[in-house]
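Trainee: I've just opened this one and I'm new to it. Could we walk through it together?
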Amino acid sequence: MALRLGGSGNEHSQDSCLPVGSQATLRRMAERYAITKDNVVEGAVVPELVKLKLERNAALAEEKQKASAGKKKDRAEQRHSLKMRTLKFEKEYASHQRKLVTLRRQAKVDGNFFVEPEAKLIFVMRIVGIIKLSPKPRKVLQLLRLKQLHNGVFLKVNKPIMNMLKLIQPYVTYGYPTLKTVRELVYKRGFGKVNKQRIPLSANEIISESIGEHGLHGVEDIVHEIFTVGPKFKQVANFLWPFKLSAPKGGFICKRHGFCEQRGGDWGNREELINDLISRMN
């Protein structure tokens with residue numbers, strides 16, 4: 001999968017996301033408000049009003065050129081900073097994995113058991129519809145923004161969230177996503193909430209305008225904040241629209257029974273095995 005390493009999003013212009021009629025309207029408006037370039041014949045008498053218009057157009061053209069150059073410079077600086085942050089994140093992920101491998105090997109050499117660190121992030125997905133759903137679980141599902149079948153959200157592991165999951169356990173499945181899973185979900189199924197509308201994350205400008213005040217300007221910033229459950233996790237989770245996944249390839253086993261039951265089922269905690277289910281639904 002090709003990663004977008006801190007790009008400015010020029011690959012997909014904002015106009016390409018608009019309908020054909022809207023693009024034509026924008027083009028007409030651009031032509032209407034474009035700065036005209038009037039040429040005056042040398043030696044001809046120019047009226048005073050035309051002189052004022054030419055001076056105004058020249059000033060506007062110079063101002064537009066300066067603004068365009070400044071915007072281009074800012075975009076280049078932002079692209080570079082995003083690239084540097086992405087490389088820093090990759091080093092951080094690799095360092096964390098090496099540390100875990102070292103601790104596991106050391107425990108094996110010493111004849112001890114290595115206790116894996118507790119998960120800080122869970123991905124919850126709804127697997128049951130609205131038929132015969134009691135009011136309390138229905139309200140909890142609404143609070144967690146799981147309003148439709150196969151909707152999924154990232155949540156922070158804490159006591160209130162785990163208590164809410166106990167109430168809706170027969171209707172959802174959840175587990176601990178890996179970095180690869182988080183990245184694939186954000187890149188492939190990521191949509192942002194802009195003015196209460198579901199907007200695809202086709203350009204980093206969308207992220208900058210929405211949550212730029214929190215220091216997040218790119219897709220990799222979102223992936224890092226989600227995976228590490230950073231200080232701005234709440235803002236990022238609220239900005240991301242609930243992920244709408246497809247039905248899993250091969251189908252479910254049995255939604256009436258739990259995943260940890262002896263007969264086998266689907267609802268409940270899958271821990272690391274949630275990544276296999278997400279890969280079949282993404």
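Trainee: Let's begin with Asn-151. Which strand does it lie in?

Mentor: Keep in mind that this is a predicted model. The strand to look for covers residues 151–156, and Asn-151 belongs to it. That strand is E2.

Trainee: Is Asn-151 buried or exposed?

Mentor: Start with what surrounds it: leaving aside neighbours within four places in sequence, Asn-151 is in contact with Val-124, Met-125, Arg-126, Arg-145, Leu-146, Pro-242, Phe-243 and Lys-244. Buried means under 20% relative accessible area. Asn-151 has 5% relative accessibility, so it counts as buried.

Trainee: What about the protein as a whole: what percentage of its residues is buried?

Mentor: First, the overall make-up: the secondary structure comes to nine helices and seven strands. The protein has 282 residues, and the buried share of them is 34%.

Trainee: And how much of the contact total comes from residues 24 or more positions apart?

Mentor: For this one, take the contacts with a separation of 6 or more.

Trainee: Which element gives the largest share of the largest nonpolar core?

Mentor: That core has 31 residues, and Phe-123, Phe-154, Ile-222, Ile-226 and Leu-240 have the most contacts inside it. The elements giving it two or more residues are H2, strand E1 (121–126), helix H5 (179–189), helix H6 (204–211), H7, helix H8 (233–239) and helix H9 (274–281). With five residues, the largest share comes from H5.

Trainee: How many residues are in the other core?

Mentor: Look for Val-124, Leu-144, Ile-168 and Val-172, which are among its members. This other core lies apart from the largest one, and its size is 15 residues.

Trainee: Now the largest pocket. Which element gives the most to its lining?

Mentor: About 800 Å³ of space lies in this pocket. Two elements give two or more residues to the lining: helix H2 (48–110) and helix H7 (219–228). The one giving the most, with six residues, is H2.

Trainee: Which residues lie nearest the centre of that pocket?

Mentor: The 19 lining residues divide into nine nonpolar, four polar and six charged. Domain 1 (46–117) and domain 2 (121–280) each supply at least three of the lining residues. Nearest the centre are His-96, Gln-97, Leu-100, Pro-117 and Phe-227.

Trainee: Last one: how far apart in space are Val-128 and Leu-149?

Mentor: Val-128 is in the loop between E1 and helix H3 (135–143). Not counting residues up to four places away in sequence, it touches Leu-149, Pro-170 and Tyr-171. Val-128 and Leu-149 are 21 residues apart in sequence, yet C-alpha to C-alpha the distance in space is 6.2 Å.

Terms used: Residues numbered from 1 in each chain as written. Predicted model: local features only at pLDDT ≥ 70, side-chain atom pairs only at ≥ 80, totals over all residues. Heavy atoms only, no water. 1 Å grid on protein atoms, 1.4 Å probe; cavity = no way out; pocket = protein on both sides within 12 Å on 5 of 7 lines; lining within 4 Å. Points joined across faces, edges and corners; volume = space filled by probe spheres on them. Helix = DSSP H or I, 4+ residues; strand = E, 2+ residues; numbered from the N terminus. Nonpolar A, V, L, I, M, F, W, Y, C, P; charged D, E, K, R; others polar. Domains from an automatic or database assignment. Core = buried A, V, L, I, M, F, W, Y, C linked by side-chain atoms within 4.5 Å. Buried < 20%, exposed > 50% of the residue type's maximum accessible area, 1.4 Å probe, protein only. Contact = heavy atoms within 4.5 Å.
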